[in-house]
Amino acid sequence: MNSNDPGGHKANHDVNAQKYHTEGPPGLWRQISDLVIAVAVIAFFILVIMWIF
């Protein structure tokens, strides 16, 4: 996506970089655990549907 405001793009990048810098590995582990929970819930629903039919 092309931005007509390079200063705005840099400011957005700086905010995102600061967020990732402050969250660090705990943020990554939070994302991984959320993904694992979502996959487990989907697998549970699939197993229940297979068990019913």
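Modeller: Let's start with Trp29, which is exposed at a relative accessible area of 56%. Exposed means over 50%, buried under 20%, and partly exposed in between (1.4 Å probe, protein chains only). Keep in mind that this is a predicted model, where local features need pLDDT of at least 70, side-chain atom pairs count only at pLDDT 80 or more, and totals for chains, interfaces and linings use all residues. Residues are numbered from 1 along each chain as its sequence is written, and side-chain values use heavy atoms, leaving out hydrogens and water.

Colleague: Where does Trp29 lie?

Modeller: Helices are DSSP runs of H or I, at least four residues, and strands are runs of E, at least two. Trp29 sits in helix H1, residues 6-52; the protein has one helix and zero strands. Of its 53 residues, 2% count as buried.

Colleague: Which residues make the nonpolar surface patch?

Modeller: Patch residues have over 30% relative accessible area and no salt bridge, with nonpolar side chains joined within 5 Å. Here Leu28, Trp29, Ile32 and Val36 make one of about 410 Å².

Colleague: How many salt bridges turn up in the whole structure?

Modeller: Look for a Lys or Arg side-chain nitrogen within 4 Å of an Asp or Glu carboxyl oxygen. The search finds one: Asp14 with Lys10, at 2.9 Å, N to O.

Terms used:
Patches are made of residues with over 30% relative accessible area and no salt bridge: like charges are joined within 9 Å, nonpolar side chains (Val, Leu, Ile, Met, Phe, Trp, Tyr) within 5 Å. Accessible areas come from the Shrake-Rupley method with a 1.4 Å probe; for residues, only the protein chains shown count as cover.
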